[in-house]
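Subject: Structure for your attention

Dear colleague,

Please find the structure below, followed by an account of what was found in it. I would ask you to keep it open while you read.

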Amino acid sequence: MKFFMSTLAEVLARETREGELYETLSDGRLRCYACGHCCPLPEGAVGVCKVRFNESGRLLVPLPAPPLDGERRGDRAGARRGARA
Ligand code: SF4
């Protein structure tokens, strides 16, 4: 049996979408406002968090994690019950 493990960069390349909490600065960099670092990101740069990055003038961010087994929107107890089953 073979196991294939993706690098973080490979996962981010396929599991991202454009974020909303940013603006384009006059010099072309992006300013991310998702946390207190307020990273100014030139083309191709990754933020301090290592998961948000500037790709072609768009701030790409990770997709939300899929729900856990048994988890429904707002039902964390269901997720815990499902984890024990
Ligand atoms: S550390 Fe990440 S989330 Fe925070 S401002 Fe920088 S890019 Fe955005």
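In which sense do strand S1 and S6 pair, and over how many bridges? Strand S1, residues 16–18, and S6 pair in the antiparallel sense over 3 bridges. Two strands are said to pair if DSSP finds at least two bridges between them. Within this pairing, Glu 18 stands opposite Leu 60 in S6.

Please note that this is a predicted model, in which local features need pLDDT of at least 70 and side-chain atom pairs count only at pLDDT 80 or more, while totals for chains, interfaces and linings use all residues. Residues are numbered from 1 along each chain as its sequence is written.

**Overall arrangement**

The protein chain has 2 helices and 6 strands, and from the N terminus on its elements run α-β-β-β-β-β-β-α. Helices (H or I, at least four residues) and strands (E, at least two) are DSSP runs, numbered from the N terminus. Of the 85 residues in the protein chain, 14% are buried. A residue is buried if 20 or more other C-beta atoms lie within 10 Å of its own, exposed if 12 or fewer, and partly exposed in between, with C-beta atoms placed from the backbone.

**The hairpin of S5 and S6**

Strand S5 (residues 53–55) is also joined to S6, by 3 bridges, and the two run antiparallel. Here Asn 54 stands opposite Leu 59 in S6. S5 and S6 form a hairpin with 2 residues between them, and Ser 56 in the turn has a positive phi of about 55°.

**The nonpolar core**

The largest nonpolar core has 8 residues: Tyr 22, Leu 30, Cys 32, Cys 39, Leu 41, Phe 53, Leu 59 and Val 61. Strand S3 (30–32) and strand S6 (58–62) are the elements that give two or more residues to this core. The term denotes a set of buried Ala, Val, Leu, Ile, Met, Phe, Trp, Tyr and Cys residues joined through C-beta atoms within 7 Å.

Cys 32, placed in strand S3, counts as buried because it has 23 C-beta neighbours inside 10 Å. Leaving out residues up to four places away in sequence, Cys 32 touches Leu 21, Tyr 22, Cys 38, Cys 39, Leu 41, Gly 47, Arg 52 and Leu 59. Two residues are in contact if their C-beta atoms, placed from the backbone, lie within 7 Å. Tyr 22, with neighbours within four places in sequence left aside, is in contact with Leu 30, Arg 31, Cys 32, Tyr 33 and Leu 59.

**The surroundings of the ligand**

Which residues surround the ligand? They are Cys 32, Ala 34, Cys 35, His 37, Cys 38, Cys 39, Gly 47, Val 48, Cys 49 and Arg 52; a residue is near a molecule if its C-beta atom, placed from the backbone, lies within 6 Å of it. This shell divides into 7 nonpolar, 2 polar and 1 charged. Ala, Val, Leu, Ile, Met, Phe, Trp, Tyr, Cys and Pro count as nonpolar, Asp, Glu, Lys and Arg as charged, and the others, Gly among them, as polar.

**Two loop residues**

Is Cys 38 buried or exposed? Cys 38 is exposed, because 12 other C-beta atoms lie within 10 Å. Cys 38 lies in the loop between S3 and strand S4 (40–41), and its phi is near 45°, a positive value in a residue other than glycine. Lys 50 lies in the loop between S4 and S5, and its phi, near 70°, is positive too. With 10 C-beta neighbours inside 10 Å, Lys 50 counts as exposed.

Yours sincerely
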